[in-house]
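Hello,

Here is the structure I promised to pass on to you. My notes on what turned up in it follow below.

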Amino acid sequence: MKISDLFNVTGYGAIVTGGASGIGLGLTEALASNGARVTMLDVHAQRIETETKRLRDAGLDVRGQTLDVTDHKALDAAFDEAVRVYGRLDVVCANAGIDPGAGFVGSWVGTQRPRVPEGALENYTDERWNRVIEINLNGVFATVRAAARHMKPRKSGRIIITTSMAATHVEPAIGAAYMSAKAGAAHFMRSVALELAAYNITVNAIAPGFFVTNIGGGHAQDPAKQKAVAKAIPMHRVGFPEDIQGLALFLASPGSGYVTGREIIIDGGLSLGTAD
Ligand SMILES: NC(=O)c1ccc[n+]([C@@H]2O[C@H](COP(=O)([O-])OP(=O)(O)OC[C@H]3O[C@@H](n4cnc5c(N)ncnc54)[C@H](O)[C@@H]3O)[C@@H](O)[C@H]2O)c1
């Protein structure tokens with residue numbers, strides 16, 4: 001292979017769950033702009049319609065389907081359909097996820113982080129816990145399983161899971177279920193990476209810090225909050241979906257062929273500690 005082909009994903013078939021917004025949309029654009037043919041799966045029908053049209057109008061080879069990752073049968077069928085339409089499956093991004101709102105503290109920054117009763121453990125409902133695990137952990141399992149079913153016979157593939165800095169660092173504003181789901185997804189990634197390595201399938205995770213997306217009702221879009229959070233980030237700015245794209249392209253392409261079982265934190269240095 002020529003060195004200039006290291007990051008070439010032209011003609012690849014890809015699937016991105018939660019692909020119509022935020023980080024997933026950034027992943028979709030990174031792959032499609034570099035010649036991959038991408039199927040976006042997302043529970044938000046309006047976003048699927050709008051983003052599919054916008055990207056196709058821009059000349060990118062994408063298709064969209066409304067899908068809830070908690071419906072594992074529908075997920076399997078959507079994978080079959082994507083492979084039928086694009087003829088191959090090279091890259092799968094298990095990215096769909098939710099932030100269920102208030103953990104046990106009510107603010108993201110500051111020394112005064114008031115405790116909030118609804119996020120306290122004694123008040124944490126089964127419904128809330130189960131919903132987060134169902135989407136952020138069980139949805140990842142079902143997505144990666146569907147990927148393996150297609151990739152294993154071909155002895156080739158790239159699986160990328162969006163975990164979070166929360167897999168290793170507790171964020172009290174989000175709460176226990178999210179921490180547990182992301183830590184679970186990170187270790188699931190390692191287990192599957194070990195299992196699939198012999199089949200030339202790499203499995204890695206991208207663990208974002210604080211990114212401006214629509215998650216949690218779009219709270220990160222508030223400029224005042226961005227400014228406040230940026231103060232705690234060593235690079236003095238929050239992240240945007242574009243910041244993920246280079247890493248995603250690396251993990252999807254031949255260039256990362258010998259990298260597997262790794263969770264790469266991308267956070268402007270936030271997890272390193274406090275600088276100034
Ligand atoms: N934004 C951050 O700061 C941040 C940090 C760390 C990790 N993450 C992770 O990044 C991933 C993407 O989140 P984002 O921040 O881009 O949020 P986002 O809300 O902008 O995008 C997530 C997309 O997933 C979709 N989705 C939600 N539930 C779904 C389901 N059941 N089935 C299919 N699609 C579903 C949503 O409709 C949405 O379009 C998530 O796994 C999230 O936990 C985000």
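D90 is buried, as its relative accessible area is 6% (buried means under 20% relative accessible area, exposed over 50%, and partly exposed in between, using a 1.4 Å probe and protein chains only). Before going further: this is a predicted model, in which local features need pLDDT of at least 70 and side-chain atom pairs count only at pLDDT 80 or more, while totals for chains, interfaces and linings use all residues. Residues are numbered from 1 along each chain as its sequence is written, and side-chain values use heavy atoms, with hydrogens and water left out.

Back to D90, which has two salt-bridge partners worth a look. One is R88, with an N to O distance of 2.8 Å (a salt bridge being a side-chain nitrogen of Lys or Arg within 4 Å of a carboxyl oxygen of Asp or Glu). R88 is partly exposed, at 32% relative accessible area. The other is R154, where the closest N and O atoms of the bridge to D90 are 3.5 Å apart. Because D90 sits in the loop between α3 (72–86) and β4 (91–94) and R154 in helix α4, this pair ties together parts that are 64 residues apart in sequence. (Helices are DSSP runs of H or I with at least four residues, strands are runs of E with at least two, and both are numbered from the N terminus.) R154 counts as partly exposed, with 39% relative accessibility.

Over the whole structure, the search finds eleven salt bridges. Another of interest joins R54 to E29, with their closest N and O atoms 2.9 Å apart. R54 belongs to helix α2 (residues 45–57) and E29 to helix α1 (residues 22–33), so the bridge ties together parts 25 residues apart in sequence. R54 is partly exposed at 38% relative accessibility, and E29 is partly exposed too, at 22%. A network of salt bridges links E29, E51 and R54.

Now to the helix packing. Helix α4 (residues 126–154) packs with helix α5 (residues 176–196) at an angle of about 15 degrees, and their axes are 8 Å apart. The axes are lines fitted to C-alpha atoms, for helices over the stretch in contact, and angles run from 0 to 180 degrees between N-to-C directions. On the α4 side, the contact includes W129, V132, F141 and K152, while α5 contributes residues including Y178, G184, F188 and L196; contact here means heavy atoms within 4.5 Å. By class, the contact of α4 with α5 has 16 nonpolar, three polar and two charged residues. Ala, Val, Leu, Ile, Met, Phe, Trp, Tyr, Cys and Pro count as nonpolar, Asp, Glu, Lys and Arg as charged, and the others, Gly among them, as polar.

Finally, have a look at helix α6 (residues 215–218), where I215 is found. I215 is partly exposed at 30% relative accessibility. Leaving aside residues up to four places away in sequence, I215 touches G97, I98 and D99. Between I215 and S21 the C-alpha to C-alpha distance is 8.9 Å, although they are 194 residues apart in sequence. G216 is also in helix α6 and is partly exposed, with a relative accessible area of 34%. G216 and D99 are 5.0 Å apart in space, C-alpha to C-alpha, and 117 residues apart in sequence.

Best wishes
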